[in-house]
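Let's take a walk through a protein model, starting from the overall shape and ending at a few single residues. Have your viewer ready.

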Amino acid sequence: MTQHSIKTPLESVFDFDYSVRFPQLDRLYENAKRDQWNVSTAVNWDRPISGPPLNMNLMPICQTQVYRSLSQARQDLLGRKFAAWRLSQFLHGEQGALMVAAQLVDAAPDLDAKMCAAAQVMDEARHVEAFRKYITKLDRIYPIDPTLDRLLRAVMAHERWEPKYTGMQIITEGLAIAAFRFMHAQTGDELLKELLEYIMKDEARHVGFGMLALRDAVRKLSPTERKALEDFAFAACDMTITKVTDGVPRDGFLSYHQVFDEMEIPIGRMREEMRENQGWKDAERAMEKQFNSMLFVDTLIPCLRQLELLNTRTQPWYEQLGVLALAA
Ligand SMILES: [Fe+2]
Ligand SMILES: [Fe+2]
């Protein structure tokens, strides 16, 4: 069974005021039309993968004896499969974004926002196309990670449009941008680099759209609705962060284990080796910190502050999560 349904009690809103009331959104819509690109022709798909899609040497787990005892061919295959797993999560996220953008066309109360969301629907379909095509060239598509699945379902099933905007346009898009930048910096394959550059340009527009549409909306919420939105934003942030304790990652996106299991490489033994080496544990923590800093310091914290969802009431939660210290 490849189809999974989610009940979404969404209110569809007509807007019969056809004047442009939000010129900034109108400009964003113009940019979206101008910046359309075609996955089939923008890049040359005929060329072979030009380098390792992911630099596994950067991963502390690949310093272990278990990893080093693998043949070069097995190491290369693991690298390809690991990249395919990570890109598969991007792909599932893109399908989620496609569906949520379509929901926003329906539920956003203002026509200018509906039109921006409609342009985004096409962008997200293009991203699905790009990742699907690239992953199948590389290896195979892996199932959705349970954490990502929970996040997407929470956003999709919400009956209000403001949490959808916050969950998708700010938090999930922010996560996507950080993950794409991270992968872009690591990949040795030119085709993947080019694709990510095209996609990141679209995604930056989507965060801009979310911020513009939400700014006024948040101010108009009743105190109870506002609190609920603050709670939702924090819960979504909490879900996306990976915590590493004693060299073992917990929470976050951990289903990559299936790649090791599939190749019968004992990930448990690798982790045991890791636990005994302070240097590797520190390196892994440093890597998580670098990613979380890209996600929270560069993207999420400024957006949440601007929207006043990070405020005196919610600040202690973010402090406890450790993301405000990253910015210090
Ligand atoms: Fe996207
Ligand atoms: Fe997007």
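Predicted model: local features only at pLDDT ≥ 70, side-chain atom pairs only at ≥ 80, totals over all residues.

Residues are numbered from 1 along each chain as its sequence is written, while chains are lettered from A and ligands numbered from 1 in the order in which they are written.

Zoomed out, the chain's secondary structure comes to 14 helices and two strands (DSSP runs numbered from the N terminus: H or I of at least four residues for helices, E of at least two for strands). The radius of gyration is 21 Å, close to the 20 Å that the globule rule gives for 328 residues, so the chain is as compact as a globular protein of that length. That radius is taken over C-alpha atoms, and the rule is 2.2 Å times the number of residues to the power 0.38. Along its principal axes, the C-alpha trace spans about 65 × 50 × 40 Å. Of the 328 residues, 37% are buried (20 or more other C-beta atoms within 10 Å of a residue's own; 12 or fewer is exposed, in between is partly exposed, and C-beta atoms are placed from the backbone). As for contacts (C-beta atoms, placed from the backbone, within 7 Å), residues 24 or more positions apart account for 84% of those with a separation of 6 or more.

Now for the helix pairs. Two packed helices are described by the angle between their axes and the distance between the axes. Take α5 (residues 111–138) and α8 (residues 190–220): their axes come within 10 Å and cross at roughly 155°. Axes here are lines fitted to C-alpha atoms, for helices over the stretch in contact, with angles running from 0 to 180 degrees between N-to-C directions. The two are therefore roughly antiparallel (over 145 degrees; under 35 is roughly parallel, 65 to 115 roughly perpendicular, and the rest oblique). The contact residues include Cys 116, Asp 123 and His 127 of α5, and Ile 199, Asp 202 and His 206 of α8. By type, the residues of this contact divide into nine nonpolar, three polar and two charged (Ala, Val, Leu, Ile, Met, Phe, Trp, Tyr, Cys and Pro count as nonpolar, Asp, Glu, Lys and Arg as charged, and the others, Gly among them, as polar).

How do α7 and α9 pack? Helix α7 (residues 161–186) and helix α9 (residues 223–240) meet at an angle of about 25°, with their axes 10 Å apart. This pair is therefore roughly parallel. Among the contact residues are Pro 163, Gly 167 and Ile 171 of α7, and Phe 232, Ala 236 and Cys 237 of α9.

Stay on α7 and find Phe 180. It is partly exposed, with 18 other C-beta atoms within 10 Å. Leaving aside neighbours within four places in sequence, Phe 180 touches Leu 196, Ile 199, Met 200 and Glu 203.

Most residues other than glycine have a negative phi. Glu 264 has a positive phi of about 55°; this residue sits in the loop between α10 (257–262) and α11 (267–275) and is exposed. Glu 308, in the loop between α12 (278–306) and α13 (315–321), has a positive phi near 60° and is partly exposed.

Definitions and conventions. Contact = placed C-beta atoms within 7 Å.
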